[in-house]
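Have the sequence and the 3D view open side by side.

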Amino acid sequence: MQNILSGIRVLDCSIAMAGPFAAQRMGDMGADVIKVEPVTGEWQRHAPAGGATGNEVCVSFLSLNRNKRSLAIDLKSPEGKALLLEMVKDADVFLQNYRPGVAERLGVDYATLSAINPRLIYVSMSGYGEDGPYRFFPGQDLLLQGMSGAMLSAGVEGAPPSAAGQYLVDAITAYSAFEGALAALFHRERTGEGQLVQVNMLDAITTIQMQELSVFTVGNKPQTRSAEPHAHSYIRAPYGVFATADGYITLAMAPYAKLAELFDDPFFAELDDGRDGWTMRDAIFARIKGHLPSRTSADWLAAMRERDIWAGPVYGYADLVADPQIAHNGTFVEYDHRTEGRVKVPGFPIRFSKTPSKIERGAPLVGEHSREVLREAGVDAARIDALIAAGVVKQHA
């Protein structure tokens, strides 16, 4: 028996977690997933979570790349690029999570590849969106958790925000990309045409909070928590949420040489990134914790971004809804509901170039469409009337 995606070929040019995880899901369902990676190996091969290096394949890579075949080529060479373009002719899905502009620079952008293969489903994944004010910010899981607003939905009022115990944003983004690829493949089965599918981490983590954010934006209920702090045991310090003079920021895996410069603190200059990030985790956290209350979050974030240190704000929902990248992306949508009036809710994390999502109707009232659905199913009007009269079917007035 063939698997559901047997006969589908996927070119997986992604790195880290979200892209490879999405491609792995397709491989699990029978797709022929070809892992296109540099001749030195994909980044995740050399960045073992928890220090679990394995024998030849580290656990991080092992966990995200089953059901794939590896093709190691140099895409920066003319020959390597030509090989990939040849493979595109027979591919069904092309998946990448390059930083904005890299695909164009490599000559593997959607316009180029779709001209070679109009049936191609091109899945492009990014941190914050393909364009907009944050397009070049690092799309790292913890930073997006902080921006999502979700950290302030749990815990004790006044206590530091806490991160999830999973790589939550990466996983949700992976599933969004997987869902988008399948939907686009279904559309192609109907029409024969491929298309561009765009997914970004910010929209993915925002829209999955459909219920919570709707309670905030529609129900006008504020985030109110009722009456400590390395964010993940498998990632080296610093990795967590830190208090500043006026709030909190997230800080992820900063090189110690850059922290020494940032804080003018020789303590960090003596540390080894690969060794001390595990053995001195508490001391490193405490040292950073002591520095950050001296300046505001905005000041620290500006200084850290100047040094390419991975850091980001910790938002509540009010901050998230007002964020300029959220506005640019059109992450929230508004529509008129029959009984609730004008509502504003998280929209669509997956963008289809030829079959865009839209709101056809708001959440239905109970039994609102009973009659039309049964009529479409071939039930005659007299029988529908009888079923409604008997209480077997409800038709909203």
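Start at E130, which sits in the loop between β5 and α6 (141-147); helices (H or I, at least four residues) and strands (E, at least two) are DSSP runs, numbered from the N terminus. This is a predicted model, where local features need pLDDT of at least 70, side-chain atom pairs count only at pLDDT 80 or more, and totals for chains, interfaces and linings use all residues. Residues are numbered from 1 along each chain as its sequence is written, and side-chain values use heavy atoms, with hydrogens and water left out.

E130 is partly exposed, at 29% relative accessible area (buried is under 20%, exposed over 50%, partly exposed in between, with a 1.4 Å probe and protein chains only). What does E130 touch, leaving aside neighbours within four places in sequence? Its contacts (heavy atoms within 4.5 Å) are P100, S124, R135 and Q198.

Look at α1 next: 9 of its 11 residues are buried, M26 among them. Beyond its neighbours within four places in sequence, M26 is in contact with residues including V93, L95, F178 and A181. After α1 comes G30, with a positive phi near 105°.
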